[in-house]
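Keep the viewer open as you read.

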Amino acid sequence: MQYNYRNVTIKDGFWKKMEDLNSKVTVNAVYDRFYETGRIDAFKFDWKEGEDKQPHFFWDSDVAKWMEGAAYILSREDRPDLEEKIERLIDDIEKNQCEDGYFNIYFTVVKPEARWSCRNWHELYCAGHLMEAACAYYDVTGRDRFLRAMEKYADYIAKVFVEERSAAFTTPGHEEIELALYRMYKTTGKQKYFELCRFFLENRGAPDNTEEDILESPYYAQNHLPIREQKEAFGHSVRAVYLYSGMADLALETGDEKLKEACIALFDNITTKKMYVTGGIGSAYRGETFTVAYDLPNASAYAETCASIGLMFFAQRMIALDPENSAKYADAIELEMYNGMLSGISLDGDKFFYENPLEIYLAERHRIDMLNYTERWPITQRPKVFGCSCCPPNLVRLLSSMGNYLYSYDEKSGEVYINQFAESVYENGDVKVSVSTNYPYDSTLKVKTNVPVRVRIPAWCHGFGGKNTYTKIENGYACFDAGEFEIGFLMKPELVASSVNVVRNLGKAALRYGPVIYCAEAKDNEGGVHKLYIDSEKVEDAKVSFSEELGRSVIDCEGYYRVDEKSGKLYAPYSLKFEKTNIRMIPYHCFANRGECDMLVYLNVK
């Protein structure tokens, strides 16, 4: 099953606007913040002790992700400004790479004596992102000096970790190099990079892997078991889904059925027991981790943007590894596309969330201010940059390669899978498929194709119809012969309840309209959102309209405010009194774009 963003042109609609926002605003905003904070000039390797803007050990990766995203933009736009910035960075990389091939800012100019001494200091992680950027730039431009520098680095890593075993650890604390080495192998055709990728994967959790465990627990960095024995998601959520992505690459390349079974089990564990309704994963701030099943608090939800992006990486690989179940993986990607990932970026494209809570209650956050104490909560407004600013450039590289997720091509059957819906064209040699749609505002697709296609039937869909009959329904897809056809999915507002095991949400529900999860903000609902009750019997009659302010569809529902009896007592005999009201709901990914206020995804239900 093949997919490649370069085979896809997004022509119009929601994702064209996001693509344009990324290339016109976000890519520049992220670069500018990285320049202001010293990340860009750090590649000159001229920082001295006592100066400000001391490089951090993950700065290489921040800039590398930006370079990768900018390279994808160059594949479809003439952007000499971006090209010049990338070339200047490559100049610095070539100039400052060590003779042995090593390249890392922090461990060259800040702590050169500490090279390869600590598993959690991101050396291999940074190396991986540089390698991915080099592959992307070579793929787009054909220029290979960046790629050659990273080949030299990869060869040195193989010498240190495989031949000499001279590093203080065996596997990376933060997975990523596994994905990069597999990509290096696919880009260069050199088997040695696949073997190094396999080395890092096969040694994770191995009995002879004796390096000190991070945060005193082998679960944190998924080092508790060998990869084929891992069946439940544990530890740092971004590291986890990056590891699982690498596992899926290895399973696909080798045909390893036991490893494939582990990947399926891990994906199912995440999506059926440890994922928010928005697609957010990793519920705990401490360690940015997966916790136990059904532990999904709303107000303190961590749900890192990078984790949602990482789940998209994992799910995309699972489409290739487990094609009979492509629909469930594509459903997870769609959930992230419109919710958990997308809430990480502001509507104007230059501000970002690292964490994505499902509830904000401002009074609770300020309850002990008078004592000069602070409690730990997710922030309520998106800043332009973070001290640890991994999410903004990750969004840049994702949003500039969204074509990867729209289509996949089965080279054996000659069929094209339409996995995600956007006004777009897929071209691969003589194969051509075009889709016309205003999704997600409208659920009708008009398709023209010269090969058989399969169209995913979304998990939220309540039925579908259209012109030209499909030949069959198979594995969650409607199958059509070559030609022209139209298909429309029945899309209506509906309430979504959590499992009863998510006890915090008992008696509450979220509102979904098609692929989009909605929330209520106090900006639109006077009197506060926490006293609201949505009328479950009137949800299907809710009014959907387009908001010029947000540039998105909003929903007005019938509901109620819970009001107190006029006794004024803190406690009184139980009784319920309600007043009718209209509840305005906005897409979850739009929250916190109009100033600080209370917000809820899960509302009381009456």
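## Salt bridges across the chain

E202 comes out as partly exposed, at 30% relative accessibility; the scale here is buried under 20% relative accessible area, exposed over 50%, and partly exposed in between, with a 1.4 Å probe and protein chains only. This is a predicted model, where local features need pLDDT of at least 70 and side-chain atom pairs count only at pLDDT 80 or more, while totals for chains, interfaces and linings use all residues. Residues are numbered from 1 along each chain as its sequence is written, and side-chain values use heavy atoms, with hydrogens and water left out.

The whole structure has 50 salt bridges, each one a side-chain nitrogen of Lys or Arg within 4 Å of a carboxyl oxygen of Asp or Glu. One of them joins R228 to E202, with the closest N and O atoms 2.7 Å apart. R228 sits in the loop between α8 (191–202) and β2 (235–236) while E202 is in helix α8, so this pair ties together parts 26 residues apart in sequence. Helices (H or I, at least four residues) and strands (E, at least two) are DSSP runs, numbered from the N terminus.

R504 and D295 make another salt bridge, their closest N and O atoms being 3.4 Å apart. R504 is in the loop between β15 (493–496) and β16 (508–513), and D295 in the loop between β3 (289–290) and α11, so the pair ties together parts that are 209 residues apart in sequence. There's also a salt-bridge network linking E83, E87, D91, E94, R143 and R145.

R376 has a salt bridge to E355, with the closest N and O atoms 2.6 Å apart. Here R376 is partly exposed, with 39% relative accessibility, whereas E355 is buried at 9%.

Y373 is found in the loop between α13 (362–365) and α14 (391–399), and it is exposed, at 53% relative accessible area. Together with M370 and L371, Y373 makes a nonpolar surface patch of about 370 Å². Patches take residues with over 30% relative accessible area and no salt bridge, joining like charges within 9 Å and nonpolar side chains (Val, Leu, Ile, Met, Phe, Trp, Tyr) within 5 Å; the areas come from the Shrake-Rupley method with a 1.4 Å probe, and for residues only the protein chains shown count as cover.

Is α14 buried or exposed? Nine of its nine residues are buried, so α14 is largely enclosed by the rest of the structure. Its cover includes α1 (14–36), α2 (59–74), α5 (123–141), α9 (237–254), α11 and α15 (403–406). H129, in helix α5, is buried at 0%. Beyond neighbours within four places in sequence, H129 is in contact (heavy atoms within 4.5 Å) with S61, A64, K65, E176, Y242 and R397.

The largest nonpolar core has 207 residues, and W15, W116 and I157 have the most contacts inside it. Such a core is a set of buried Ala, Val, Leu, Ile, Met, Phe, Trp, Tyr and Cys residues joined through side-chain atoms within 4.5 Å. Helix α11 (residues 305–321) gives the most to this core, with 12 residues.

## The six-stranded sheet

An open sheet runs β1-β7-β8-β9-β14-β11 with antiparallel pairing, where two strands pair if DSSP finds at least two bridges between them. Its edge strands are β1 (8–12) and β11 (464–465).

K448 is the bridge partner of S434, and E484 in β14 is the bridge partner of K448. The covered face of β9 holds L445, V447 and T449, and the uncovered one T444, K446 and K448.
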